[in-house]
Amino acid sequence: WWLEAEIKLVRPRLILAMGATALHSLTGQRNGLMQRRGQVEDTPLGPVFVTVHPSFLLRLPDAARRAEEMALFTQDLAAVARLMDRRAE
């Protein structure tokens, strides 16, 4: 209930869901995070942009994979910034 109250109070133009727990709290679905990553989903609480949690990046043991995922994460954050610029107009 507190999350819904906070969203109603803040009225964000876009919500960033970082990780499966946030995704589940905002959409009711935890599965398919990697397939949904980088997309905006319409929810009753407002539009939600899906990405991984930063701790996911820190837990990757393979340096090459970590670098790939960090680049994707950076792209996700850049996409959020572009979307926010468009929504501010």
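Trainee: In E3, which residue is the bridge partner of Asp 42?

Mentor: This is a predicted model. E2 and E3 run antiparallel, joined by 4 bridges. A hairpin of 2 residues links E2 to E3. Within that pairing, the E3 partner of Asp 42 is Pro 47.

Trainee: How many residues of strand E3 are buried?

Mentor: E3 covers residues 46-51. E3 pairs with E1, and 4 bridges also join E3 to E2. The strand is mostly covered, and the buried count is 6 of 6.

Trainee: Now the charged pairs. Is Arg 36, which forms a salt bridge with Glu 41, buried or exposed?

Mentor: The closest N and O atoms of Arg 36 and Glu 41 are 2.6 Å apart. Glu 41 is buried, at a relative accessible area of 18%. For Arg 36 the relative accessible area is 10%, and the cut-off is under 20%, so Arg 36 is buried.

Trainee: How many residues apart in sequence are the parts that Arg 37 and Asp 76 tie together?

Mentor: Arg 37 forms a salt bridge with Asp 76, with the closest N and O atoms 2.9 Å apart. Arg 37 lies in the loop between helix H3 (33-36) and strand E2 (40-43), while Asp 76 lies in helix H5 (residues 63-88), so the pair ties together parts whose separation in sequence is 39 residues.

Trainee: Is Asp 76 buried or exposed?

Mentor: Asp 76 sits in helix H5. Its salt-bridge partner is Arg 37. Arg 37 is buried, and Asp 76 is likewise buried.

Trainee: What is the distance between the closest N and O atoms of Glu 69 and Arg 65?

Mentor: Both residues lie in helix H5. They are 4 residues apart, about one turn of the helix. Glu 69 is buried, with a relative accessible area of 6%. The two form a salt bridge, and the closest N and O atoms are separated by 3.4 Å.

Trainee: Why does Arg 65 count as partly exposed?

Mentor: Arg 65 lies in helix H5. Leaving aside neighbours within four places in sequence, Arg 65 contacts Met 34, Phe 56 and Leu 60. Buried means under 20% and exposed over 50%. Arg 65 counts as partly exposed because its relative accessibility is 35%.

Trainee: How many salt bridges does the count come to?

Mentor: Arg 36 pairs with Glu 41. Arg 37 pairs with Asp 76, and Glu 69 with Arg 65. These pairs are among the total, and the salt-bridge count comes to 4.

Notes. Residues are numbered from 1 along each chain as its sequence is written. This is a predicted model: local features need pLDDT of at least 70, side-chain atom pairs count only at pLDDT 80 or more; totals for chains, interfaces and linings use all residues. Side-chain values use heavy atoms; hydrogens and water are left out. A salt bridge is a side-chain nitrogen of Lys or Arg within 4 Å of a carboxyl oxygen of Asp or Glu. Buried means under 20% relative accessible area, exposed over 50%, partly exposed in between (1.4 Å probe, protein chains only). Contact means heavy atoms within 4.5 Å. Two strands pair if DSSP finds at least two bridges between them.
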